[in-house]
Amino acid sequence: MAKRWINSMDVEVSPSGAPQFDIAGCTSFAGGTKTVPSAGTPQPLVATSTPCRFVWVGARVDNYGNPLNGYPCFIGDSGNQNIPVMPSNYEGLVIRIDDASKVYVRVVSGGNGVTYRIFA
């Protein structure tokens with residue numbers, strides 16, 4: 001049997017080094033739009049603690065898929081927001097985290113923001 005390289009895969013491991021598998025599905029998901037009013041002032045994605053399994057974050061787009069932001073938004077924690085979400089990134093990114101309120105959004109132009117879904 002020949003081996004073929006397809007892609008790499010991140011695997012979460014326990015403290016003992018055993019692989020951990022997450023096969024349970026999500027029971028709910030909620031979401032919305034987070035618009036940040038002023039540039040350079042990071043805002044939490046949601047105002048209250050929201051336990052979750054992961055969060056999807058993407059660029060705001062209109063009903064035709066056209067970007068609503070003029071500049072990138074940046075995602076991260078309360079101290080550093082350095083993951084860019086480009087204005088045309090409708091595919092977004094998934095962040096595996098236990099609480100959606102730990103995710104922060106920073107914009108370079110007031111009034112820009114992101115759309116999000118919280119999977120719990």
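The model is predicted; local features require pLDDT of at least 70, side-chain atom pairs count only at pLDDT 80 or more, and totals for chains, interfaces and linings use all residues. Residues are numbered from 1 along each chain as its sequence is written, and side-chain values use heavy atoms, with hydrogens and water left out.

The chain contains zero helices and eight strands, where helices (H or I, at least four residues) and strands (E, at least two) are DSSP runs numbered from the N terminus. Four of the strands form an open, antiparallel sheet in the order E2-E7-E4-E5; strands count as paired if DSSP finds at least two bridges between them. Strands E2 (43–44) and E5 (81–85) lie at the edges with a single partner strand each, so one side of each has no neighbour in the sheet. E2 is joined to E7 (residues 104–107) by two bridges in the antiparallel sense, and Pro44 has Tyr104 in E7 as its bridge partner.

Antiparallel pairing also links strand E3 (residues 54–59) to E6 over four bridges, with Val57 facing Leu93 of E6 as its bridge partner. Leu93 and Ile95 make up the covered face of E6 (residues 93–96), whereas Val94 and Arg96 make up the uncovered one. In a regular strand, side chains alternate between the two faces of the sheet.

Of the 120 residues in the chain, 28% are buried, that is, under 20% relative accessible area with a 1.4 Å probe, counting protein chains only. Among contacts (heavy atoms within 4.5 Å) with a separation of 6 or more, 77% involve residues 24 or more positions apart.

Technical notes: Buried means under 20% relative accessible area, exposed over 50%, partly exposed in between (1.4 Å probe, protein chains only).
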